[in-house]
Amino acid sequence: MTNTLTAADLLTDHFGRVDELVHEIVDGLTEDDLARRPDGADGAANPIGWLVWHLLRVQDDHLAEAFGTGQVWIDEGWVERFGLALDPHETGYQHTREQVDAVRTSAELLSGYGAAVHARTVSHMVSITEADLARVLPPTYGEGVTLGARLVSVLGDDLQHAGQAAYLRGLFGR
């Protein structure tokens, strides 16, 4: 008997690790903790709350486009729950310091949105095939980008920002 590990299994596992990190990072933090920037960074480093919100928005936005679905942020009312003074389609890409500062929220909202994004992500991953991964996406993010490359890119971005947020949490001693 052989165990077969599919690309869908690997992707589901990796996105599950991102989901676990999101909950571990924000658990028990206050709104002020989530908005805090590290001392000595001249305001150039992004706070935990923004980093987590951004990684979730990128995952939600990019997977919605890749799979031809709506975004959890909009479809499930998270944009209204967060009540941010930003365009509903914002993901945080190239945000100014002022836009970053506008992302003030609670750990509960981030965890809830994270769980919803993860559930949608898993729903996309369960039936993905090798042929799906080779499918070339519309040129929004570059010519010849496949679904597989897009998913790996999103995971890389998610893990980078989760690592930054976890590092900040450690710096702050929480």
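Leaving aside residues up to four places away in sequence, His 62 touches Tyr 141, Arg 150 and Val 154 (contact means heavy atoms within 4.5 Å). The model is a predicted one, in which local features need pLDDT of at least 70, side-chain atom pairs count only at pLDDT 80 or more, and totals for chains, interfaces and linings use all residues. Residues are numbered from 1 along each chain as its sequence is written, and side-chain values use heavy atoms, with hydrogens and water left out.

His 62 lies in helix 3 (helices are DSSP runs of H or I, at least four residues, numbered from the N terminus). His 62 counts as buried because its relative accessibility is 13% (buried means under 20% relative accessible area, with a 1.4 Å probe and protein chains only).

Now to the helix pair. The axes of helix 3 and helix 9 (residues 147–171) come within 8 Å and cross at roughly 170 degrees (axes are lines fitted to C-alpha atoms over the stretch in contact, with angles from 0 to 180 degrees between N-to-C directions). Helix 3 is therefore roughly antiparallel to helix 9 (angles over 145 degrees). The residues of this contact divide into 14 nonpolar, five polar and four charged (Ala, Val, Leu, Ile, Met, Phe, Trp, Tyr, Cys and Pro count as nonpolar, Asp, Glu, Lys and Arg as charged, the others as polar).

The largest cavity is lined by residues including His 62, Tyr 141 and Arg 150 (on a 1 Å grid, a cavity is a set of points where a 1.4 Å probe fits but cannot get out, and lining residues have an atom within 4 Å of a point). Helix 3 gives the most to this lining, with three residues.

Note on methods: 1 Å grid on protein atoms, 1.4 Å probe; cavity = no way out; pocket = protein on both sides within 12 Å on 5 of 7 lines; lining within 4 Å. Helix = DSSP H or I, 4+ residues; strand = E, 2+ residues; numbered from the N terminus. Parallel < 35°, antiparallel > 145°, perpendicular 65-115°, else oblique. Buried < 20%, exposed > 50% of the residue type's maximum accessible area, 1.4 Å probe, protein only.
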